[in-house]
Every structure is written in C-alpha cells, then in structure tokens.
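Subject: Structure for you to look at

Hello,

Here is the structure I said I would pass on. Please have it open while you read the notes below it.

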Amino acid sequence: MKTLNVGLIGCGFMGRAHSNAHRKVANFFDLEYQPVLKAICDANAERAAAHAARWGFESVETDYRKLLARKDIDLVDICLPNNLHAEVAIAAAEAGKMILCEKPLARTGDEAEPMVAAVEKAGVPNFVSFNYRRIPAVTLAKQLIDEGRLGRIFHYRAKFLQDWTISKDLPQGGDALWRLDVKAAGSGVTGDLLAHCIDTALWLNGHVASVTAMTETFIKERKHNLTGKVEAVGIDDACAFLARFANGSLATFESTRYARGHKALYTFEINGEHASIAWDLHDLHRLSFFDHRDTGVVRGWRSIHVTDGDHPYMKHWWVPGLSIGFEHSFVHQLADFLNGIATGKPASPTFREGLGTQYVCDAVLKSAATGRWEQVKT
Ligand SMILES: NC(=O)c1ccc[n+]([C@@H]2O[C@H](COP(=O)([O-])OP(=O)(O)OC[C@H]3O[C@@H](n4cnc5c(N)ncnc54)[C@H](O)[C@@H]3O)[C@@H](O)[C@H]2O)c1
C-alpha cells in the first residue's frame, strides 16, 4: 500500500469527521493509497495541538500557507468556514496538492469558478464533501433510479429542517456561529443546508433548469462575536423554492433553522411513473420504496433495511442487519476519492460538479431577490 500524506486544515466539527475518516478508511476498505495524518492546521494553536494529540497527527501548523509550502504534504483537506475555501484551495492547487474541500465549494458561483480553473490547470485530484450521497440508502436510491425502476420521474421533494437559531440572543460570528455571518458563510440555509439537498437532487435527477424562491431573515440584528457590536443579519434564516428539472419533473425544496423540534431533518421523496422512493436522515439506514407493479394485494410501501452485504458499501462493515451512521458517509467518500486517484477515474462530485450546486444556490438567492423565475447557469 502506498502512503498519502494528509494536511488537514480546520479542526472543528468537520475536522473531527474527516480525521476519523482518514484514520479508519484503510481498516475497512482495500486501497492502493493509505492516508497518513501528517499535519493538522488551525488558527487556534491550542485547539490544533489538542486535535493532534487526540487523533494522532504527526505535526501542527497554525498558518495554512506554511502547510501548503511543505513538500511532505500530498493531500490538503479543507475543513474551514466557507469564506476561506477559495483562497486555500487555489493556493493548494498552485502548490500541486490534491484537494478535498468541504461543502459548499464557495460562497457563490463567481467565487467557485476560479477554484475549478485552478484545480483543472494544475491537474490535481479534487473533490467536494457532499457526504450524504454516500449514505448506503441514498446510494441505493441512485442505483434504483439508474436501473430505471422508477420510470419517468414526475416529482422531487426535499427538505432540511433545524431549530437552533430561534433565540434572538444567539450571537453571529466566530466558531460554528460564522454560519450566521453572511461575510463568512455567503448565505444562510441556502448554502449550508439546501446545498446538500441540491447536490443529492442533481445526482439523482439531473440538471435543475429554473427556480423560483422565497427567503426570510426572521431575526434582523444580532451581536457579532468578533466586533462586539450589534450588526445586521445578512443570511437567509429560511428558504423555500420551486424548481423545474431539465427532465421535466417538478420539485419543491424547503430549509429553515426555525422549525421548532427539528434538529437535522433531511428528507427527500421521488415519485416516478412506476415507483417512488423516500429517505429520512433520522432513519438513515432505511430506504422506503413503493412499486406499483407489485401484485395488488401485497402492494405497499416497503422499508428496506440497507444493511445487507449486497447493499452499497455495506460489505465493508459488519454482518447483515447491523447499521452504520453519519460518520461512515465520510469514510465512504474518502474511499471513493482514494480509489479515484488509484484508477484515474475521479470520484464525484469534483469541484466542477460542486460548481453546479453553487449555480443552483445562486439562482435561488437571485430569485428570492427579484421575485421572478430564474434560469440556472450551466
Ligand atoms: N458535510 C457536512 O455534513 C458538513 C457539516 C458541517 C459543516 N460542513 C462544512 O465544513 C466547513 C467547516 O465547518 P465546521 O462546522 O467544521 O466549522 P467549525 O467552526 O466547527 O470549525 C472551523 C475551524 O476552522 C478554524 N479556522 C478558522 N479560520 C481559520 C484559518 N484562517 N486558518 C486555520 N484555521 C481556521 C477554526 O478555528 C475552527 O477550528 C464549512 O464549509 C461547512 O459548511 C459540512
């Protein structure tokens, strides 16, 4: 097995999820390349040192430029707030590093385009961490659609609901709360949560042609953690949009951080001519499937427990019937990325594919501002 030296930047929520994936992937998947936890980098030196000790990174950096200048780093894993993705990814591509970048690729399509140009010019492997594709039940949905089991698709319905920003006393800016600061995040639920729903939808159902959207910012001002001042809130707290896919199907998407009682309810349902499928993140190892072609008396929604050896990814884990969870989707995407490097067939989504999601987000936010249907750039 060849080694691949990883330099991971940002050791918050995603830094932990990615470190876990780098540590586990070669234990469960047969790979040509094995990740080595060479360096962790975080602007917060204490946090970086603690992360290195806990996860077994060999060295610590506090300036990403120093990490990128190191000859012993092959793969740069970007787990930073959205406003830093472009700057770091472009510099990493220029330094000839392979790049794994957290989602969304950037704050806007305009910001993401030079990232795509940089990785393609450098010819370096690149990947965007839309991890929900790699939950086995979601991957199974893709297989069923690609096999033609649903037939012509009429409807796509997705939502991603949370409730953690309802308090007006919650500040914006800084660790984790950079999500409420439009300068750091680029947008609110659109880039943070709907980006996941859009990536899955593009993968399962193809190009989104046009959208019409509404957004709302329920709390207009919040104290900013970095300036200490009360500042206007620039993100969308909630967004709902209608979409027309290029294949003629109609869609509804909804996301909010104001759905009291919901912590991370990501669901989608797809209705086709012959069959329908539905998935729910709170029951992530199950895929609901209805096939109208079943014999009438036993026809009904079935709940497939996606844990068998012939289900996507599952033969790498335990015995049939035993479930896995959220963190495994990061192991799966890393295994696919590493296999892509070994075979020369890049794993999806690449930066170019991640740009497609960005264009849908751009059209959604534009439509919310203009009040009109907007075409999605291709
Ligand atoms: N795929 C998913 O399911 C998922 C889930 C959560 C977040 N994300 C994405 O992951 C990214 C990171 O989010 P998070 O939740 O881990 O954020 P976080 O706030 O938990 O962690 C960010 C880390 O980056 C560090 N940092 C900030 N500026 C830095 C700089 N200039 N140099 C070095 N380190 C710096 C911070 O100190 C912090 O430790 C975001 O793009 C977010 O959208 C993806």
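I start with Ala 176, which counts as exposed because it has 10 C-beta neighbours inside 10 Å. A residue is called buried if 20 or more other C-beta atoms lie within 10 Å of its own, exposed if 12 or fewer, and partly exposed in between, with C-beta atoms placed from the backbone. The model is predicted: local features need pLDDT of at least 70, side-chain atom pairs count only at pLDDT 80 or more, and totals for chains, interfaces and linings use all residues. Residues are numbered from 1 along each chain as its sequence is written.

Backbone phi angles

Most residues other than glycine have a negative phi, and most peptide bonds are trans. Ala 176 is not a glycine, yet its phi is positive, near 60°. It sits in the loop between β7 (153-161) and α7 (182-185). Helices (H or I, at least four residues) and strands (E, at least two) are DSSP runs, numbered from the N terminus.

Tyr 313 also has a positive phi, of about 70°. Its loop runs between β16 (302-305) and α9. Is Tyr 313 buried or exposed? Tyr 313 counts as buried, because 21 C-beta neighbours lie inside 10 Å.

Cis peptide bonds

Lys 103 and Pro 104 are joined by a cis peptide bond, with omega about -15°. Pro 104 is in the loop between β5 (98-102) and α5 (109-122). Another cis bond links Ser 348 to Pro 349, where omega is about 5°. Pro 349 belongs to the loop between α9 (326-343) and α10 (351-370).

Regards
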